[in-house]
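Open the model in your viewer and keep the selection panel at hand. The stops below go from one selection to the next.

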Amino acid sequence: PYERMEDCPRNVEPDGPMCQLVLEPAYRDGLLGLVVGQEIVILYWLGLGDRHLIRQHSRKTGEYAGVFALRTPNRPNPIGMAVSIIEEIGNGIIRVRGLDCLNATPLIDIKPVIR
């Protein structure tokens with residue numbers, strides 16, 4: 001539901017707003033076997049991040065740290081990752097709560113959580 005980077009939460013919020021993962025028709029059959037209540041890993045492309053920053057201040061703590069120690073979209077390879085529970089699934093759409101990315105962020109992959 002976020003339209004601007006400054007509106008995104010600092011991290012995934014399990015009780016946050018409902019978000020949708022919308023698959024193109026060619027990939028919808030790949031959802032077979034996923035079920036409501038299942039935990040999934042969601043990988044997405046944070047394309048608006050600054051790919052040249054290596055160190056920055058944490059928005060959460062203010063600590064100065066390297067990007068690999070932070071959940072920032074500003075990183076050399078801006079891949080975002082979230083672990084979420086499937087709230088609803090159908091017609092090529094998975095609904096989860098509280099992602100930390102912008103509306104229309106490109107989806108890279110979905111995988112079941114294995115612990």
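**Second pocket**

Strand E1 (18-22), E2 and strand E8 (107-112) each supply at least two residues of the lining of the second largest pocket. This is a predicted model, in which local features need pLDDT of at least 70, side-chain atom pairs count only at pLDDT 80 or more, and totals for chains, interfaces and linings use all residues. Residues are numbered from 1 along each chain as its sequence is written, and side-chain values use heavy atoms, with hydrogens and water left out. Strands (E, at least two residues) are DSSP runs numbered from the N terminus.

Select Leu21, Val22, Leu23, Thr105 and Leu107: of the 27 lining residues, these lie nearest the centre of the second largest pocket. A pocket here is an open set of points on a 1 Å grid over the protein atoms alone, where a 1.4 Å probe fits, with protein on both sides within 12 Å along at least five of seven lines; lining residues have an atom within 4 Å of a point. The space in this second largest pocket is about 620 Å³, a volume being the space filled by probe spheres set on the points. Now colour E8, which gives the most to this lining, with six residues. By class, the lining of the second largest pocket holds 20 nonpolar, four polar and three charged residues. (Ala, Val, Leu, Ile, Met, Phe, Trp, Tyr, Cys and Pro count as nonpolar, Asp, Glu, Lys and Arg as charged, and the others, Gly among them, as polar.)

**Largest pocket**

Next, select Arg10, Arg59, Arg71, Thr72 and Pro73, the closest to the centre of the largest pocket among its 31 lining residues. The volume of the largest pocket is about 710 Å³. Its lining has 14 nonpolar, eleven polar and six charged residues. E5 supplies the largest share of that lining, three residues.

Select residues 79-85, strand E5: Gly80, Ala82 and Ser84 are on its covered face, and Ile79, Met81, Val83 and Ile85 on the uncovered one. In a regular strand the side chains alternate between the two faces of the sheet. Ile42 stands opposite Ala82 in E5.

Which cysteine sulfur is nearest to that of Cys19? Select Cys101: its sulfur is 6.6 Å away, and Cys19 is in no disulfide (a pair of cysteine sulfur atoms within 2.5 Å). Cys101 is in no disulfide either.

Terms used
Buried < 20%, exposed > 50% of the residue type's maximum accessible area, 1.4 Å probe, protein only. Helix = DSSP H or I, 4+ residues; strand = E, 2+ residues; numbered from the N terminus. Pairing = 2+ DSSP bridges.
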